[in-house]
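Thanks, everyone, for making the time.

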There are 2 protein chains.
Amino acid sequence: MSPDNVVFIGKKPTMNYVLAVVTQFNSGNSTVNIKARGKAIVRAVDVALITQRRFLQNVVVEDINIWTEEMSVGEDEWTNVSSMEIVMTIKE
Amino acid sequence: MSPDNVVFIGKKPTMNYVLAVVTQFNSGNSTVNIKARGKAIVRAVDVALITQRRFLQNVVVEDINIWTEEMSVGEDEWTNVSSMEIVMTIKE
């Protein structure tokens with residue numbers, strides 16, 4: 001999977017990311033991977049569901065994976081942060 | 001699936017829900033369903049990953065589902081809220 005079809009969810013408004021996902025599908029990708037960490041996980045779920053409900057009814061959630069990442073929070077300090085990816089794909 | 005093995009995630013500390021999940025597995029359930037809506041979704045992911053990493057290494061995330069629910073926010077007012085369930089099960 002090329003980095004092209006990954007959308008990282010940050011702190012911008014939800015609709016910015018929805019637009020990014022829709023754009024990637026419209027530019028020919030058959031799969032888009034929505035990734036988020038920590039509190040942005042909620043927004044990732046919103047983005048996936050809004051994309052499907054309002055914009056691309058032919059797209060489905062193919063897979064959702066969760067895992068823990070270690071994140072640096074300072075000099076020699078690390079914390080665990082939950083991470084998620086939502087794989088969306090065009091329905092056959 | 002009986003309601004017994006569903007853990008609804010709310011606003012309490014994360015470890016309260018981890019304890020609830022661990023208790024359900026320890027009382028004989030082979031599957032526990034973690035459910036959350038809106039901002040609690042992040043906590044649901046934390047609960048699943050902490051349960052697995054710190055307490056029950058023989059438990060895996062079997063399935064994750066997301067969907068949209070309509071929620072009443074006042075007299076004749078409704079809003080959409082993202083919902084999630086994480087199905088955890090004992091590894092064979």
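In this predicted model, the buried residues of helix 1 of chain A pack against both ends of the chain's fold list, so to speak: strand 1 (6-8), strand 2 (31-37), helix 2 (40-55), strand 3 (59-74) and strand 4 (77-90), again of chain A. Which residues are these? In helix 1 of chain A, the buried residues are A:Thr14, A:Tyr17, A:Val18, A:Val21, A:Val22, A:Gln24 and A:Phe25. Looking down the axis of helix 1 of chain A, one finds these buried residues within an arc of 160 degrees, so they line one face of the helix.

As for its dimensions, helix 1 of chain A covers residues 14-26, that is 13 residues, and it reaches 19 Å from its first C-alpha to its last, close to the 18 Å expected at 1.5 Å a residue. Just after helix 1 of chain A comes A:Gly28, which takes a positive phi of about 110 degrees.

Let me step back to the whole chain. Chain A holds 2 helices and 4 strands, and along the sequence their pattern reads β-α-β-α-β-β. The C-alpha trace of chain A spans about 45 × 25 × 20 Å along its principal axes, and 45% of the chain's 92 residues count as buried. If we take the contacts in chain A between residues at least 6 apart in sequence, 67% of them join residues at least 24 apart. The accessible surface of chain A comes to about 5,200 Å², with 48% of that belonging to carbon and sulfur atoms. Chain A also carries 9 positive and 11 negative side chains, the centres of the two sets lying 13 Å apart.

I would like to finish with a backbone detail. Most residues other than glycine have a negative phi. Which phi does A:Asp76 have, positive or negative? A:Asp76 has a positive phi of about 60 degrees, although it is not a glycine, and its place is in the loop between strand 3 and strand 4 of chain A. A:Asp76 is exposed, with a relative accessible area of 72%. In chain B, B:Asp76 likewise has a positive phi of about 60 degrees, sits in the loop between strand 3 (59-74) and strand 4 (77-90) of chain B, and is exposed at a relative accessible area of 73%.

Conventions
Residues numbered from 1 in each chain as written. Chains lettered and ligands numbered in written order. Predicted model: local features only at pLDDT ≥ 70, side-chain atom pairs only at ≥ 80, totals over all residues. Heavy atoms only, no water. Buried < 20%, exposed > 50% of the residue type's maximum accessible area, 1.4 Å probe, protein only. Contact = heavy atoms within 4.5 Å. Areas by Shrake-Rupley, 256 points an atom, 1.4 Å probe, with all protein chains shown as cover. Lys, Arg positive; Asp, Glu negative; His and termini not counted. Charge placed at Lys NZ, Arg CZ, Asp CG, Glu CD. Expected span 1.5 Å × (residues − 1). Arc of directions from axis to C-beta.
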